[in-house]
Amino acid sequence: MLSVENVNLHYGAAQALRSVSIEAKMGKITCVLGRNGVGKSSLLRAITGQHPVSAGAIAFNGVILGGMAPYRRAKEGIGYVPQGREIFPLLTVKENLETGYAPVKRGDRSIPEDVFNLFPVLRTMLGRRGGDLSGGQQQQLAIGRALVTRPRILVLDEPTEGIQPSIIKDIGRAIRYLRDSTGMAILLVEQYLDFCRELADHVYIMDRGAVVHEGPPETLDTVEARRHLTV
Ligand SMILES: Nc1ncnc2c1ncn2[C@@H]1O[C@H](COP(=O)(O)OP(=O)(O)OP(=O)(O)O)[C@@H](O)[C@H]1O
């Protein structure tokens, strides 16, 4: 289980996270919902080690992550799919996938068959440059690259952003398959309410840097929850 406890995060004098506490359990999909700018990406930066926290504790399956560099966190099993995908445009699809080898022991450096079973388009495009792929294909590639790192938790930053509905469905199916077949934890942050409602086992809502609601997805229909999600 990933546990985030009372985390604060600052950019200079501006506070982006205010005593945020969440849990993401193994074998479950946890979704953090919120409008633009409420601190969702900052929460993932704190978890992946891309930005230091100013207070609080983060642990994954009992290992305290505080102060650990991002690549060490990847070795601990934290797989990250960043917002905007961050595909290397001039590397081929195969080379992009192979960048996921960095935190993996030599003997495990292969592309898991699941990557191609979940996203067959990647197999047909192995020799193409990452920059030539559509946005949806790049999102699939970014998830594939994270799977190459053999994660025990997959952390996704707005995987549906700017993506056509048919590929959103494929991504939802892939996330469900990964939860059910591998027992990994999945933590995703989203603005797309329906995607979360369909997928999540547990939902948090953030507003202005803080968690303001928590519960199973059915609770998203309450007036209180909706108040924090409508602009
Ligand atoms: N590098 C930075 N320097 C200064 N302020 C930042 C930085 N990154 C984010 N912020 C601010 O921190 C707050 C939270 O931003 P964050 O990106 O975490 O929100 P978000 O919920 O992920 O939004 P989005 O959906 O737009 O990505 C915002 O007010 C944002 O302007």
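This is a predicted model: local features need pLDDT of at least 70, side-chain atom pairs count only at pLDDT 80 or more; totals for chains, interfaces and linings use all residues.

Colleague: Okay. How many helices and strands are in the chain?

Modeller: The chain has nine helices and ten strands.

Colleague: And what box do the C-alpha atoms fill?

Modeller: Roughly 50 × 35 × 35 Å, taken along the principal axes.

Colleague: What radius of gyration does the chain have, and what would a compact globule have?

Modeller: The chain has 17 Å. With 231 residues, a compact globule would have a value near 17 Å, so the two agree.

Colleague: What share of the residues count as buried?

Modeller: Of the 231 residues, 42% do.

Colleague: Switching to contacts. Take those between residues at least 6 apart in sequence: what share join residues at least 24 apart?

Modeller: That share is 69%.

Colleague: Now the largest nonpolar core. Which members touch the most others?

Modeller: The core has 64 residues. Cys31, Ile47, Ile153, Leu154, Val155 and Ile186 touch the most other members.

Colleague: Which helix gives the most to this core?

Modeller: Helix α6, residues 135–148. It gives six residues.

Colleague: Pick isoleucine 47. What is it in contact with, leaving aside neighbours within four places in sequence?

Modeller: Isoleucine 47 is in contact with Leu2, Val4, Ile58, Ile78 and Val155. Val155 is also one of the core residues that touch the most other members.

Colleague: On to the open sheet. What is the order of its four strands?

Modeller: The order is β2-β1-β4-β5, and the pairing is antiparallel. The edge strands are β2 and β5, and each pairs on one side only.

Colleague: What holds paired strands together, in general?

Modeller: Strands of a sheet pair through backbone hydrogen bonds.

Colleague: How many bridges are there between β4 and β5?

Modeller: Two. Strand β4 covers residues 55–60, and β5 covers 63–64. Phenylalanine 60 has valine 63 in β5 as its bridge partner.

Colleague: Last topic, the ligand. Which residues surround it?

Modeller: Tyr11, Ala14, Ala16, Gly34, Asn36, Gly37, Val38, Gly39, Lys40, Ser41, Ser42 and Gln83. Two elements give two or more residues to this shell: β2 (14–24) and α1 (40–48).

Colleague: Which element gives the most?

Modeller: That is α1, with three residues.

Colleague: And how do the shell residues divide into nonpolar, polar and charged?

Modeller: Four are nonpolar, seven are polar and one is charged.

Technical notes: Residues are numbered from 1 along each chain as its sequence is written. A residue is near a molecule or strand if its C-beta atom, placed from the backbone, lies within 6 Å of it. Ala, Val, Leu, Ile, Met, Phe, Trp, Tyr, Cys and Pro count as nonpolar, Asp, Glu, Lys and Arg as charged, and the others, Gly among them, as polar. A nonpolar core is a set of buried Ala, Val, Leu, Ile, Met, Phe, Trp, Tyr and Cys residues joined through C-beta atoms within 7 Å. A residue is buried if 20 or more other C-beta atoms lie within 10 Å of its own, exposed if 12 or fewer, and partly exposed in between; C-beta atoms are placed from the backbone. Two residues are in contact if their C-beta atoms, placed from the backbone, lie within 7 Å. Two strands pair if DSSP finds at least two bridges between them. The radius of gyration is taken over C-alpha atoms; the globule rule is 2.2 Å times the number of residues to the power 0.38.
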